[in-house]
Amino acid sequence: MSNDEFKGYRGEALSVLKEYAAPVWSDVTIASARGEFKGIILPRSETDDEHHIVLKMASGYNVGVRACDVQAITSHARKEAHYKIPEKEFPYDPQKSKVVLLGTGGTIASRLDYRTGAVIPAFSPGELFGAVPELADICNIETKKLYAVFSENIGPDHWMGTAAEIFKAIEGGADGVIVGHGTDTMHYTSAALSFMCQNLPVPVVLVGSQRSSDRPSSDAALNLRHAATAACMGPISEVMVCMFGPTSDEYGLLHRGTRVRKMHSSYRSTFRTLGDRPLAKVWPGKVEPLTEDFVRRDRNRKCTLMNKFEEKVAILYYYPNMQPDIVEALIDNGYKGIVIAGTGLGHVNKPLYPALRKAHEKGIHMFMTVQTLWGYAQMFVYDTGRDIMSFGVVPAANILPEVAYVKLGWILGQTQDPEEVRRLMLQPVNHEITEREPIDGYLVMQGGLPEIDSFMKSVRR
Amino acid sequence: MAIPFIDPDCADWQALGLMCGVEIHQQLLTQRKLFCRCPAGLYSHHHDAEVVRHMRPTLSELGEYDGTALMEFKTKKNITYLLDRRSVCTYEMDDTPPFEVNREAVEIALEISLALGSNIVGEFHVIRKQYLDGSIPTGFQRTAITGVGGRLPYRGKQIGIIQLSVEEDSCREVSDRGHDIVFRTDRLSMPLVEVVTEPDMHTPQEAADVVRLIGRVMRSTGRVRRGAGASRQDVNVSVRGGTRIEIKGVPSISLIPGLVAGEGVRQKMLLDMREEMLRLGLTPQTFADCRGVDVSYLFEREETPFTRATLRAGGRFMAVRLPGMRDLLSTKVGRTRTFADELGGRVRVIACLDVRPLVVTDDTCHDLGIRDERWRTLRKKLRCKATDAVALAHGPVVDAQCAVAEIVARVVECFEGVPRETRQVRSGGETDFERILPGPDRMYPDTDSPPLAVTDEWLAALAARRRTPVWELDEQLMAVGLPRDVAENLAISPRLPLWQKAVDGGADPKALGLLLGMRWTALVRRGLPLKRIPEGTLRDLFAAAAAGRVMYEALPMLLEDAAVAPERPALELLNLRGLSPMTQAEAARRISDVLEHLARPTSVDPAARKRYYMGKLMPHFFGRLAGVTVERLFDEIMAGAA
């Protein structure tokens, strides 16, 4: 029997199962030092220990039996399970718009993997229709699976590839494009796509979920319906992130791809537009813009694709007592661009000065952003700022550090000329730098204040 | 012809083949909740915020949508959760993954598993059990098995234990109207254990007894919660030819016999009804073409309150013809319930209609104020034969359509006899439809929680703390002469170790047993804070009784004193009551003294005279000398005087 028949088992547990010729999916009775256990042997998560055998009992519960306790295993039958989303053909309605859904992975549509116990993506139109039949009320969907990676593994290659696919989908007549994406780095991808796909004639909507779709309370289905609505009938032709507004199942928000950020590790309403207002509220079948300042859908506009990227760019997140050797390491390793996330208005400590000067002399392009996330890098206010600028660090206004990283990589993919890099960096493509910070662009409510308490009670959050 | 009803009080359970198993849920006495660090047991009527969610069915590990899951998706409820910041965090809101499982709770569950003789798992696996009714915001309950199997002696037989799990408690329902259900989250995620028995009980009373016995086993650990709602039972009932039906959330043991009997009879009646339907030549095919018809126009001028209300609210009336069912909808399935009420239960839950009457039939239309002529028109419109029945539902159009479809579906299910479902307790001790009985398909592993190894060392430490099983304690305590109820009370009492120590030190096991197993509870009920008395004081008082320094009868009085002044040592309490030791010579002198100052008894009967004297004497020796001793001394003095 091959080890595949003992999926995930190692060491002691594996040898016990082999000894009694009991591969996974065997329906067994195990006599053990702790008594008798009956059930189907399940594959074991590879990250779990090698001392236990997992049984699924008739009641549906799983239990682990210690391998060292096993006295005998009697096999009765074999009951292999195949986890499958009921696949139904996605119905075509000639009255409805065509949306292309590009899959990169993440938990927007997913299933469980026994070996790791983890959630793995599943994406065909049939599976989608099986899981979220309401999508057919909104649009016709074509899907294309580009990658199957969790968002922490997304990088420049994926951005460039996705941008090219978006371009292709638009050329192919899509009325909107949805990109299914893991949420962790969705805001990096949305920024990258904002720079790589310009002059969009139709919406490009990134969507994911904070609760995997194998859970009844998942936000995946509603997010997908919101995204499909924004893509097929929404008026905004920009790269956007579409995720929950409040944590309640109420409405989604469309965030501009260059001003959005994941702000909580697990909340459903984790995405927020920083330093500006979100673009729109969205419900299944309805989009309600919150601003007039957006690019309108126009089928005649020609999309331009600029999917180049220089990988030797880093974000330097400053902290007190940062040593110059960190900067030296970037210089020595051939980095071409550094985005500094400085304190306050854009500051770092004095010991870093010589290293920054050296980096500048080596031709490394350096830009200053703020780790406060809200507000502008304004380096004329203090001497420190002026000093740092004199070493060639350019304040990058109110661009978010992550967006600055993506933008610098994108620019350096096209030119290395310092003046041109500087010009492009400071000239906004789509609101990544804004001239004004609206008075409601910074709203982090403080819990515990009586007025906030009464507000909290009056809205569904 | 009506099917004869069986009175639940007179049913022959053996002949009906009644089988009953129970699932007992008991909250555990822990500081914190099971998967987060919120305080457990903090209930309130206050909330700071609300969250709204919906539930969608998902796939289980073994690949299919679960029946219950689909049904609840049909109901499309808006679920509102009320959040009190003191008792919930973002975990309960399902906006934060679980933290490491509360080991204190697992340990209590293991302790109970050991007490029930279960096979302890090698590894504890948290799994998700889907509940789409909204009672848990995640849509599933996190639960894990600690023990499998086990036995419990009951009246000379053995009741089998299937398994024991530790799980998180659900929300408390605040209201459920139409498509809106509201829950409070304070109870959510409090740890509880669930003990599931084999269907080894064969009469309604046995079911109640076994629930009580298992409850006592759990309480004997001293680590479970008490009070309203701390313990709830699900009771599974079937009769021969019937189906296992789960009655959910029975709040009190005293309700169990009535509910079990009622369910047994309901199943028998449904089985008889199926026989009758088959005899009439009805089959599932008979109802294949039954469709709801919108008959709202018939009720536009009808002057009954419910039809007016429905029309005013923009609702519709949907009617369906049920061939051959004319005499069957009124079949009694309970003391007050008919088969039409079973239809109503389905309509209420699945179509979310809650305006009464839920379903109008030929048998109820007249009493509801619908004119006979109108109903005749309706029957004609539906082309009814004399043997056909009509069922009418009303409400928002989508819900009313759903209702008639559900009515037909339920009628077709008659051919299964007793359809699989869970039932809820209604006032009056009867039950009503709750939801389709879920299968094991709704269980899948919780990928957020790693497995937890249950080591031999851990079990050894628990085994060292293990107490004598309650059923053995009951026997031991009855053997010293305590009545059964006192013995059962003392066996699970936290005062049992105190009793044991005092008895080992020579105290009278029965007298002290009565005090600690009966009088104590009575004193507490009277409001005395006996908990305040230091254990040392109690031990000293019992030692004084064992040494004959104070009579047992004086102990309740001393406990009262001690509760009021817990700082006083035992000796001081005795002295304050003048309960210093007394020699026999002192006692004899005291008797003579008292007798001297007593008026002569009026009676000439010697027995009556003695009763008079003893009555006057005893208060002087209360707590210091036994009645028999006083009597002996009195007899001696009288004999001497004569």
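Which side chain meets Arg34(A) in a salt bridge? In this predicted model, the partner is Asp456(B), at 2.8 Å from N to O. A salt bridge here is a side-chain nitrogen of Lys or Arg within 4 Å of a carboxyl oxygen of Asp or Glu. Nine such bridges are counted between chain A and chain B.

Local features need pLDDT of at least 70 and side-chain atom pairs count only at pLDDT 80 or more, while totals for chains, interfaces and linings use all residues. Side-chain values use heavy atoms, without hydrogens and water.

The area buried between the two chains is about 4,600 Å². Buried area is the accessible area (1.4 Å probe) that two parts lose on being put together, summed over both. Carbon and sulfur atoms give 51% of the total. In chain A, the residues that lose the most area to chain B are Arg34(A), Tyr61(A) and Pro216(A), together 18% of what that side buries. Contact (heavy atoms within 4.5 Å) takes in 57 residues from chain A and 63 residues from chain B.

Secondary structure was assigned from DSSP runs: helices are H or I of at least four residues, strands E of at least two, numbered from the N terminus. Elements giving two or more residues to the chain A side include β2 (35–41), β3 (52–56) and α11 (450–458). The most comes from β4(A), with five residues.

β4(A) also pairs with strand β5 (residues 123–124) of chain B, in the antiparallel sense over two bridges. Pairing requires at least two DSSP bridges between the strands. Val63(A) stands opposite Phe124(B) in β5(B).

How values were computed. Residues numbered from 1 in each chain as written. Chains lettered and ligands numbered in written order.
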